[in-house]
Amino acid sequence: MTYHSGYTAPDALQTASDTADQLSVSQEILEATTLVEKVMTIIRDRISAMSLMPGARLPSIRRLSETMSISKSTVVEAYDRLVAEGIIQARRGAGFYVAEKNHPPLISSDFADTHNRNINPYWVMRQSLSNTETTFRPGCGWLPSDWLPEEAIRRALRQIARNPASNISEYDEPLGLPLLRQLLSTRLREQGVTAAPSQILLTDSGTNALDLICRTFIRSGDTVLIDDPCYFNFRGLLLAQGVNLVGVSYTPQGPDLESFARLCTQYRPKLYLCNSGIHNPTGATIQPATAHRLLKLAEQHDLILVEDNIFADFHQNPPPLLAELDGLERVIHIGSFSKSLSAATRTGYIAARPDWLENLTDMKLATNFASNALSSQIIYQLLTDGSYRSHIEKIRVRLAECQTRTRQKLLNAGFKLWCEPVGGMFLWAQLPDDLPEGVDSDMIARRALDHNIVLAPGNIFSQSQTCSRFMRFNVAQSVHPKIFDTLRQIMYLPAT
């Protein structure tokens, strides 16, 4: 299937044969290393880039020697050295596999060396979270701090402090603040999702909610489906669990259902993790017909769907949620206020059917013990005093204005838009066609750091590593003229 702007959808079939074909190498590496070192470098790079995952099977010795036109003895020596380093494992009669204990995204030899680290999901997070006041962050995934209702949050804190009944010293109950869960139940019902307060579990963030779900429902070696491209932290979090990640081609209407059905048959996955409202990074919205068919396929293959909807309030007229269509039978719904309200006041939640929520609550007690009682009270205060509603209405207007301006800036700079989002903060843009040969979004992102600009290159969102000519832009963080002035300068420099 072919997307807008010439983007070819990856099918993400991770067979040993496919892997062998992907183990290509630049002329620079060919000239700079011995043949054995070359093979080792390619495999290390693939593992670091997460296109070879823990537990993935490597090409056979014969297959790789034929693909790279090198001797079998060269491949044997390279594999033996990697086994000695603990990077891969030899299984008698079964071949070679990426070591299960390897989680390259979580390992860094030098956190301060921002240029030489492999660009992966953690690269963007590290750059975006730097506290340099002069840093511009069009690649980050949150609103500017001056867009957030800081005075309302301070007012809520004062009100909580003055109320003798406020909990400022005790652990919260297992499910979390009852008043907030009751309010969230009402808000979900307004979105068509029926979830009693007893079916809602408060967490410390959306990420914490995802982590609890992964710990509860999947084990190392299980297969999990994600969109390709998808929110980069989905990849980072799931790889940390040691699962087999398989990407589903994503389209402007939602996941490619033919690819989804084929992968379900081939891999028998335990879980599918997705954005149902505003998709991250593309800004697309899953269409109702796609959602209905997706749920039928999930039922057919006995698959759990995890619906991350943390950008829900940025959508003026959201489509039906998977949890609404499914009735929380096999859909687990996640929400959060970190993006819309405050990253410092972190509160998220999970809505699920009762038996699943019971297990999730046990996992929360085992790993977190309790959610943040103070943050929950702040969120409840802001939701009930009208502050949140007023804030969100303003945010939607500002995002719409910024989306129009950023879209035009991208088009003026030669970018092509993959789709036209109807809300939210993200634009998924393809690089100009006339860039020098070899210049991709990774290279541009590295160059931008020299100018204190943090960009989000496409491959950090792609399990198949096929988005090197794409970038995600946060429209709320892309308003400063220096960003696009600098982009025009650095994009057209020759490849290095």
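User: I'm new here. What does it take for a charge to sit over a ring?

Analyst: A charge sits over a ring if NZ of Lys or CZ of Arg is within 6 Å of the ring centre and within 35 degrees of the ring normal. This is a predicted model, and here R91 lies over the face of Y97, at 3.9 Å from the ring centre.

User: Okay, now rings with rings. How many aromatic pairs are there?

Analyst: Searching the whole structure turns up 15 aromatic pairs. Take Y79 and F96: their centres are 4.7 Å apart with 55° between the planes, a tilted pair. This pair links distant parts of the chain, since Y79 belongs to helix α5 (residues 72–85) and F96 to strand β2 (residues 95–98), 17 residues apart. Y79 and F96 are each buried.

User: And what kind of pair do F217 and W356 make?

Analyst: Planes over 60 degrees apart count as edge-to-face. For F217 and W356 the planes stand at 70° and the ring centres 5.4 Å apart, so this pair is edge-to-face. F217 is in helix α9 (residues 206–217) and W356 in helix α14 (residues 354–367), so the pair ties together parts 139 residues apart in sequence. F217 and W356 are both buried.

User: Which residues do ring pairs link into a cluster?

Analyst: Y231, F232, F234, W428, F461 and F470.

User: Let's go back to α9. How should I read a helix?

Analyst: An α-helix has 3.6 residues a turn, so residues three or four places apart point the same way. Length is a handy check too: at 1.5 Å a residue, the twelve residues of α9 should span 16 Å, and its end C-alpha atoms are 17 Å apart, which agrees.

User: Why is α9 called largely enclosed by the rest of the structure?

Analyst: Because ten of its twelve residues are buried. Among them are L210, L212, I213 and F217.

User: What about strand β12, are its faces covered or open?

Analyst: Both faces of β12 are covered: F426, W428 and Q430 are buried on one side, L427 and A429 on the other. Five of the five residues of β12 (residues 426–430) are buried, so the strand is largely enclosed by the rest of the structure.

User: Which strands does β12 pair with?

Analyst: Strand β11 (residues 416–417) runs antiparallel to β12 and is joined to it by two bridges. Strand β14 (residues 470–474) also pairs with β12 in the antiparallel sense, over five bridges. Look at A429: it is the bridge partner of L417, and in β14 the bridge partner of A429 is M471.

Note on methods
Residues numbered from 1 in each chain as written. Predicted model: local features only at pLDDT ≥ 70, side-chain atom pairs only at ≥ 80, totals over all residues. Heavy atoms only, no water. Phe/Tyr/Trp six-rings, centres within 6.5 Å; stacked < 30°, edge-to-face > 60°. Helix = DSSP H or I, 4+ residues; strand = E, 2+ residues; numbered from the N terminus. Buried < 20%, exposed > 50% of the residue type's maximum accessible area, 1.4 Å probe, protein only. Expected span 1.5 Å × (residues − 1). Pairing = 2+ DSSP bridges.
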